[in-house]
Amino acid sequence: MRIPDEAPDTARERNNIVRRAAEWLRAAAAIGAAFDPEARAVWAMLEAAAWVAGHLPEIRSYLDARKTLEELQNAVDDRQPGYEIHHIVEAQYGSFHPDSNARIFADRLESRENLVRIPKWKHVEISSWYSRLSEEDEKKTPRSYLRGRSWEAQYAIGIQALRQAGVLK
Amino acid sequence: MSPFTALSSEDLVRMFAEIAKKRGIAVRESDTRRHNQMFRRMQAIERVLRSRGDDVRMLLLPLLDSDDRFVRYYAARYLIALAPERSRQVIEYVASHSFDALALDAGMTLYSFDNGIFRPD
């Protein structure tokens, strides 16, 4: 793994480097190699590159161990760099669809049960998953599949996504 | 008519593998637009393979042993009805041994499959 001294020109390039580093370190931690010389060398490269400094919190948060739902919910009141607030049932505030969650579940979306604080890149991974077409139904994304379904059905999927993303115990 | 119908089945399998790599990278980079483009191409190839019968669809089977985990994973998704045990093993491995966005994708595939949301044929 190589971390360039100079910041790449585009956000996409910068994010890709930061994410690959975070994934590499997560894999190293999973096999008990978090403190091996190679992992230390990656950290040293990251800390030496000035442009990475602002990304270090999101790299560190990516290495978090799984937490209980209560821990993730309680953390919402403690906003920290490297983390984002995630809606377990998607909010869809930008949607004009008549069945968007923002219209149907307006009174529940910001409730304590629906908000968790999770690592920034895990938030991106989960949000992207909702937008991807898949073999389950070639014309629907998970988001369009869930549109108009009950709160409970959407909550169950949201919980599962947190689990599969390695965020929730 | 699909532009893929003129290609041999072997060429389609090779193309499937190339697209699988690009689709996997798009997942990893959270590039949804690129992912969905690759997905549509993969679907188009699969439709042609399917129209040629199950024996031809099974030409994807060796991809389950590819060196590339993206290729293994997408081949498994498309073969889960024809080679369920082996395909499931591949998807389970990706779900539990990946440390990026593909783990979530694989885990949700298994969840959909086990809960009757994903009914491959």
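1. Basis. Residues are numbered from 1 along each chain as its sequence is written, and chains are lettered from A in the order in which they are written. The model is predicted, with local features needing pLDDT of at least 70 and side-chain atom pairs counting only at pLDDT 80 or more, while totals for chains, interfaces and linings use all residues; side-chain values use heavy atoms, leaving out hydrogens and water.

2. Fold. Chain B holds 6 helices and 0 strands (DSSP runs, with helices being H or I of at least four residues and strands E of at least two). Its radius of gyration is 14 Å, close to the 14 Å of the globule rule for 121 residues, so chain B is as compact as a globular protein of that length (taken over C-alpha atoms; the rule is 2.2 Å times the number of residues to the power 0.38).

3. Burial. Of the 121 residues in chain B, 52% are buried (under 20% relative accessible area, 1.4 Å probe, protein chains only).

4. Contacts within chain B. Residues at least 24 apart in sequence account for 55% of the contacts between residues at least 6 apart (contact means heavy atoms within 4.5 Å).

5. Interface. Chain B contributes 29 residues to the contact and chain A contributes 28 residues. About 2700 Å² is buried between the two chains, with carbon and sulfur atoms giving 56% (accessible area, 1.4 Å probe, lost on putting two parts together, summed over both). On the chain B side, Phe99(B), Leu104(B) and Met108(B) lose the most area to chain A, together 26% of what that side buries.

Key:
Buried < 20%, exposed > 50% of the residue type's maximum accessible area, 1.4 Å probe, protein only.
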